[in-house]
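Student: I'd like to go through this structure with you. Can we start with the charged side chains?

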Amino acid sequence: MGGENSKLAFRKCVFRLANQRSLPDTAEDAWSPFWLMPDGPHDVFSLVTPADIRRIRDNAQENFIKLIDKVFDRLLVLKSARDLAKSPTNTKQLLNCVRVLTRLVPFVYETRSDGGSIEDIVLWTQRPRPGSGADYTLGKQLVSATIDLLFTSGLTVPQATIGEDTTVRYTIWENGVGQTSSLGSSKENVSNRVEVLRLLLVLCCKTMYIPPVRSVAIPNQALHTIAYNANKKMVLCLLCSLINTSLKYRTQGWAIPYRNTTVLDPADELSLHAMQALFILLEYQTPPAKTGKGAAPDAGTAEATSAADSNANTPSMVLITGTETGAQNLFRAFVAKLHRQQEFDYLTSNIMRLLEETMRSNLSILASVTKQPTRHVMPQEATILLWLLLENNSLFKEYVVDHNRSLRLFAVLLYFMLNGYTDPAQAGMVRTISHILHYLSEDGRFATRLMQPFDQSILPSTMRIVDASLTHADFMVNTAFTLLSSSKPYLIPVYSNLLLLVRNVAPYLTQISQLTADKLLSLFDIISSPAFIISETYHVRWLIYLIEVFDYVVHYRAVDNPHLMYSMVKARTHFTRLKAFDLDKAKSELAALREKKGKTDASRNIGTVSSPELDTISSTAPTPSMSALKLEDGDGAASPALSDKARGKRPDPGTPQAPESKEPPQNSTSTAALKSAPAAAATAAATGHQFQLSTEWVFSWLPDLPLDPIIAVLDALAVHIDRISEEVQRNADSAGTRSEAAAIGDTKGGDAQPEQLDSKSAGSDGTSEGAASVPSASVDPTPAIIRWLSSDSMVSVLPDLEDSMPEIRPRLQGMSPALVVWFRSLLWSLIYASGMKPFGIWKNTQVRLFVVKSTH
């Protein structure tokens, strides 16, 4: 726009619409400035403020509706012009129409101060079209026109060749899925696509203005119009264009940390908007049909049903949504039909590239100079795309599982979990990754692959574990321990997924390291403590998942995991304590802990584990601290799992430990705080989510825990381990006696003076000092015990487990209403955040799906 005079003239047009009621269609001086005067999107967003739009909408609703009608009518006229590509003036006016609609539509969805909405009146009610008088539904026509604009010759795709008599060309923009060559689009084509895609996102943004409790039950008619469109050619071209464009984004190497994130390159912005549009189209499903017993479930009941959903073995893609007619989202349907090897190669390699390039930039030297990340196609979007592809295409999941880079992908995903779990802003990415890993763990082939050695060279030093025998499964358990011990309230859903991940992999575990075994038992110690169990309803689910891990190991992998079996034997009192669970004692323990630590700052710590022994792990003692605490039984007395001889001596100070860091410990068990039962209970009381404790509640889960076979195996092994420990000690004593006697004999036969020797070797009572009178030092029996536990001799002493053999069946990932609401909120919050720059598309609108916090 020109100088101040032209801006003032445009502002007067805006004021006129609010102050002068019922302007006629023929008042062109009131309507035409909106597509004639602005020179770019900045003019539209800066000169038409949210306050202006609300004033027009609320005080002169007829003018607001007529403005949208007039702008759209002008858009249709310009879109159909044969000389659009040859007329810069027409192109400018068409883009101004797109910009004005992008500015106005969010306020159509917004709930007014009186609680009403004009969405149905503006978009979905038939009325005469300005100029022609024919009835039309603006919403459907606007969505259709916007899709056409994405494929309009000379505007968003290269100009049609000579002889073509069409302005709309449904074609795939970039090479990749469904296309082997690129269109060769100009910078103007790319820039125009950005603006049209921005309008498409705005047209579909109704979801932002629906409260979470109703978001599952209320349809998004604009999204439905696109996703359930009968034009298959349009759907295929749009789907492939969005996929290929979103994966064409390339970072600029060393320049990433210094890139100005307020002014986006059009190609980068196009990649981001393409990926966002792809997300909402693949995620959308119509609300479930009403049944005779009532309406579709909403998120108000989602939390109540999510627990049952997470326990049920429901297929991952059994959705809680559907239609009465059996119609399907064509975008999901076509993604499910992808099957070519080269297409899967393209998808996997580019998603991996996006993740690894961001990972390398985070680890580069330049990344430490500036902490502001690039906000284009980030790992958050890449992980969401990966999850959607896995969920919608079973063949793609099989490809990822069988691919030779699947373990590399696993390591990269764990890196982003460890890198982002301390930042609440990255909680969405961490949870998305936890869902991906849980979904992959449902396949036994993937779980088997995790037993391969883990290469830590791609990780920063603060994340590495000093253990040469580390497998991917070891690192997985250590990562789960690190996140669980962080006790972040926003990671509670992640904790369930991580425990399910470990649980699904358990039947295939082999050669778990001692460090990993200790951490697994540390988690069990805390999760099985009575006060922790009763503090939240979902803690019982965590306990069940962890018990199933040990049940699978005992029945299927005992001889393959000697370190884990040894740790379980030493900590077998945890299992007997759980079997003897008493609700009254648990309540007393919880009350004592609350009284001791208070309801706000109470926390429970995993103490320093400086040795393979588990007798120094913190327990349910009422005075938790950062130092190690002795395990106590229900009466408060120390209850060692093994005899003193079986414990052996502490390891050498050179035992590998996780590296120290100023950051929160990533893979160390030292002083890692885990939220305690009183803290969780205090939170529950504050939020009103306290559940009813009763004997019936206890009997609903305790009898079903497979504790008997586990305890029977551990008791049988403990007897033989004690014998091995005693035998090792006797052998050491005998060897020490022989060695001392030989040394004395050699000394007597030497040149030493007899008087001098006698004075040094005689005790106060005249007897000789040495091995014969003083026992030798305690000897560590661990090596001998580990050898025996990994031998066939161990198998022969196990009790008969035939009747208690559990079926190897993964716990599957079901799409509960709560999960649908969370995922939808995540997608639209990312879209909202990206729209803040440079124009603030949804800024200062009454978003209801999520909470927008001001930074000022």
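**Salt bridges and burial**

Tutor: Glu548 counts as buried, because its relative accessibility is 15% and buried means under 20% relative accessible area (exposed is over 50%, partly exposed in between; 1.4 Å probe, protein chains only). A word on sources: this is a predicted model, where local features need pLDDT of at least 70, side-chain atom pairs count only at pLDDT 80 or more, and totals for chains, interfaces and linings use all residues. Residues are numbered from 1 along each chain as its sequence is written, and side-chain values use heavy atoms, with hydrogens and water left out.

Student: Which side chain meets Glu548 in a salt bridge?

Tutor: That of Arg503, at 2.5 Å, N to O. A salt bridge is a side-chain nitrogen of Lys or Arg within 4 Å of a carboxyl oxygen of Asp or Glu.

Student: Where do Arg503 and Glu548 sit in the chain?

Tutor: Arg503 is in helix α23 (residues 492-505) and Glu548 in helix α26 (residues 538-556). The pair links distant parts of the chain, 45 residues apart. Helices here are DSSP runs (H or I, at least four residues), as are strands (E, at least two), numbered from the N terminus.

Student: Is Arg503 buried or exposed?

Tutor: Buried, because its relative accessibility is 6%.

Student: How many salt bridges are there by this rule?

Tutor: The count is 29. One of them joins the side chains of Asp52 and Arg11, at 2.3 Å, N to O. Asp52 lies in helix α5 (residues 50-59) and Arg11 in helix α1 (residues 4-19), so this pair ties together parts 41 residues apart in sequence. Both Asp52 and Arg11 are buried.

Student: What about Asp560?

Tutor: Asp560 forms a salt bridge with Arg557, with the closest N and O atoms 3.1 Å apart. Asp560 is partly exposed, at 21%. Arg557 is partly exposed too, at 24%.

Student: New topic. Where is Trp124?

Tutor: In the loop between α8 (119-123) and β1 (127-128). Trp124 is buried, because its relative accessibility is 16%.

Student: Which residues is Trp124 in contact with?

Tutor: Leaving aside neighbours within four places in sequence, they include Thr137, Gly139 and Gln221. Contact means heavy atoms within 4.5 Å. The C-alpha atoms of Trp124 and Gly139 are 5.6 Å apart, though the two residues are 15 apart along the chain.

Student: Last one. Why is helix α37 largely enclosed by the rest of the structure?

Tutor: Because 16 of its 18 residues are buried.
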